[in-house]
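Please examine the sequence and the three-dimensional structure shown below.

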Amino acid sequence: MNTSVIGILHPGHMGAAIAAQFVANGHTVLWCPDGRSAATAHRADQAGLHPVPLVEFLRQSRLVLSICSPAAAEDVATDVAHLEYNGIYVDANAISPVRMHRITARLTEAGAEVIDGCIFGAPPGGHPPARLYLAGPESARRRVADLLTGTLAEPVHLGEQLGQASAVKMAFACYQKASRALAALAHALADDLDVTEALLAEAERMPRDILANRDYLPSVASRAWRWAPEMREVADTLRAHQLPVDLALATAEVLQRWHDNSPVPTDSPTAALRRLHGSNHQER
Ligand SMILES: NC(=O)c1ccc[n+]([C@@H]2O[C@H](COP(=O)([O-])OP(=O)(O)OC[C@H]3O[C@@H](n4cnc5c(N)ncnc54)[C@H](OP(=O)(O)O)[C@@H]3O)[C@@H](O)[C@H]2O)c1
């Protein structure tokens, strides 16, 4: 394999671990210390990365990966576009497809070739293994995948359509992040009510394939009429224990409107949910 110069913006936990995979493959990896913390500098150093100012970083790198924070992704891309970077730019952040398209437009105008990416799994070496989804022009995707050959970061090709990697990340995160927050809330409530042991016993028995089991969704729709008031009871209980009620009330609201807008039992649950967007939020 030919060695390359690759740039990482920025070496956080994930970025540094991915960068280390490139280094292990014999590539030179650059990073930009401007504005970054001592923790990032330490990770970069441990991963064997070379510090250079942004102008020099973009001049040398033929491939740049943006792996930072969703809140910073667009500003990072804009800074790169302002400096007329014209190599391959992979945005691997958890951002919306709309933001991804804006970033693509800006960078393409500056002369770069853009790949829409996203990362699943733990930083390489952890579990589950990291998977880097790639969507965009095939030759650029192949280039990124080649550079990762034999490493602990597995490339996954999603085709030519930019926005698809961001889309799969958004669909997954919609469930994964909310369910983690709900689990924390459930445990806070159980601790306060002194029923943690019983909660854990029931948790062990519950289905583990909630997101994978799409066929169960009609069942949710048919119970929405009953689950909405149950979630309002949950909200009352959370409130009584000075815990945040927002997620419980929002779930009750969606379930109620899902029921109110789905008079046809055979209706597809996903079609019914789509119709809810923009329907009236009623005070209950
Ligand atoms: N960690 C994981 O297990 C995991 C799993 C899947 C996907 N990812 C993806 O990986 C990306 C990064 O996650 P991470 O875990 O590596 O995060 P992290 O450890 O918090 O690192 C974030 C990096 O971005 C930099 N950064 C923060 N704010 C910035 C700003 N305003 N402008 C420029 N740089 C900024 C940080 O630098 P300073 O702190 O030095 O400012 C740091 O180097 C995310 O998009 C996430 O979706 C991570």
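The paragraphs below treat the domains, the sheet, the nonpolar cores and the surroundings of the ligand in turn.

The model is a predicted one. Its protein chain is divided into two parts, with domain 1 covering residues 5–161 and domain 2 covering residues 169–276. The centres of domain 1 and domain 2, taken over C-alpha atoms, are separated by 35 Å.

Eight strands form an open sheet with mixed pairing, and their order is 3-2-1-4-5-6-7-8. Strand 1 (residues 5–9) runs parallel to strand 2 (residues 28–31), and four bridges join the two. Here G7 is found opposite L30 of strand 2.

Further along the order, strand 6 (residues 113–120) pairs with strand 7 in the antiparallel sense over five bridges. At this pairing, F120 stands opposite R131 of strand 7. Strand 7 is also joined by five bridges to strand 8 (residues 153–157), and these two run parallel. Y133 has V156 of strand 8 as its bridge partner. How much of strand 7 is covered? Strand 7 (residues 130–135) is mostly covered, with five of its six residues buried. As a general point, side chains in a regular strand alternate between the two faces of the sheet.

Attention now turns to the nonpolar cores. The largest comprises 53 residues, and those with the most contacts inside it are I8, A19, L49, L65, V80 and Y89. Helix 1 gives the most to this core, contributing seven residues. Another core lies apart from it and has 12 residues, including A224, V234, A248 and L255. For L65, neighbours within four places in sequence being left aside, the contacts are I8, I18, V90 and A92.

Finally, which residues come nearest to the ligand? Of the 21 residues around the ligand, these are G12, M14, S37, T40 and A72. Helix 1 (13–24) and helix 2 (38–47) each supply at least two residues of the shell. By class, the shell around the ligand contains 12 nonpolar residues, eight polar residues and one charged residue.

Conventions. Residues numbered from 1 in each chain as written. Predicted model: local features only at pLDDT ≥ 70, side-chain atom pairs only at ≥ 80, totals over all residues. Near = placed C-beta within 6 Å. Nonpolar A, V, L, I, M, F, W, Y, C, P; charged D, E, K, R; others polar. Domains from an automatic or database assignment. Core = buried A, V, L, I, M, F, W, Y, C linked by C-beta atoms within 7 Å. Buried ≥ 20, exposed ≤ 12 C-beta atoms within 10 Å, placed from the backbone. Contact = placed C-beta atoms within 7 Å. Pairing = 2+ DSSP bridges.
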